[in-house]
Amino acid sequence: MGSAGLSRLHGLFAVYKPPGLKWKHLRDTVELQLLKGLNAGKPPAPKQRVRFLLGPMEGSEEKELTLTATSVPSLVNHPLVCGPAFTHLKVGMGHRLDVQASGVLVLGVGHGCRLLTDMYNAHLTKDYTVRGLLGKATDDFCEHGRLVEKTTYDHVTREKLDRILAMIQGSHQKALVMYSNLDLKTQEAYEMAVRGLIRPMNKSPMLITGIRCLHFAPPEFLLEVQCMHETQKELRKLVHEIGLELKTTAVCSQVRRTRDGFFTLDSALLRTQWDLHNIQDAIRAAAPQVAAELEKSLGPQLDTKELPSREWSWESQGPSSTLGPERGAGH
């Protein structure tokens, strides 16, 4: 495998992060599996060198010794002498998922880490399914957090929930236009809106571009959220605030990312597939779409990005309320 395998390890790919797994542990596991695959190849045949070895002279009855030129293998570069050929790979991390969350997580290998910066600058949206539970509130908005309050929810209907979600989407869409610094009366803004390319110019709080209820069976409900510049904690807080708007309380029982930009669940490698062969295939399969989507979003800017460090991440800090973004909040 050796250098030939390494030459194909430059690009982006997605894995599926299960709940309960820290992103650092995931990244280290992927790196370890890649190194294991690269070093598993058969080492090249050792070079031969001439050595003069001391031995008995042929035909000598007195057992005289003599030096004989002999070809022997040079073991200087053998793995048992100098160790494995590959000991480190640059694996970059895209938009993180916290410990409790699960779903699509994008990684970059080698020169592919540059593309992580491009993905960040493209401000691509991400999809989540968020599961809520009516009737209680906790200190961290999670189902298993410290219980703060219990409430009734018999008055909550699907129609009331849909009305709250429509209000949230409307307020965030107005904020998206505000943070994009576009004049909607111009032809350029109109064309960008038609192509779905309106994006914030710089930092912003969490922006929700779409939200709807997929399933409603009190006390449980399931939301589909399309957003950008979010953290999973903000999505859990969103469930809490939806509960308050419904004159009750709610906690979040699950956050699952189903799409990150142009990577979906279908393209995400399961834990049993985190090996050299499957990752190479994933990088190769994703490359055309990665190039096309980034060219569509960034155009000529693509060649001006700097290589991010190994610790590169995009943590964002949103506004105090997720129902309506506040201008000036960081991301």
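**Exercise 1. Describe the salt bridge between D281 and R284.**

Step 1. The side chains of D281 and R284 meet in a salt bridge, with N to O at 2.4 Å; a salt bridge is a side-chain nitrogen of Lys or Arg within 4 Å of a carboxyl oxygen of Asp or Glu. The model is predicted: local features need pLDDT of at least 70, side-chain atom pairs count only at pLDDT 80 or more, and totals for chains, interfaces and linings use all residues. Residues are numbered from 1 along each chain as its sequence is written, and side-chain values use heavy atoms, with hydrogens and water left out.

Step 2. Both residues belong to helix α8 (residues 276–298), where they are three residues apart, about one turn of the helix. Helices (H or I, at least four residues) and strands (E, at least two) are DSSP runs, numbered from the N terminus.

Step 3. D281 is partly exposed at 28% relative accessibility, and R284 is partly exposed at 48%. Here buried means under 20% relative accessible area, exposed over 50%, and partly exposed in between (1.4 Å probe, protein chains only).

**Exercise 2. Check the span of helix α5 (residues 158–180) and state what covers its buried residues.**

Step 1. The expected span of a helix is 1.5 Å times one less than its number of residues. For the 23 residues of α5 this gives 33 Å, and the end C-alpha atoms are 33 Å apart, so the two values agree.

Step 2. The buried residues of α5 include L161, I164, L165 and I168. Their cover includes β9, β10 and α7, where contact means heavy atoms within 4.5 Å.

Step 3. Just after α5, N181 takes a positive phi of about 55°.

**Exercise 3. Locate the backbone features at H123, K247 and P219.**

Step 1. H123 is not a glycine, yet its phi is positive, about 50°. H123 lies in the loop between α4 (113–122) and β6 (126–134) and is buried, with a relative accessible area of 10%.

Step 2. K247, also a residue other than glycine, has a positive phi near 60°. The loop between α7 (232–245) and β11 (250–260) holds K247, which is exposed at 66%.

Step 3. The peptide bond from P218 to P219 is cis, with omega near 10°. P219 sits in the loop between β9 (207–217) and β10 (220–228).
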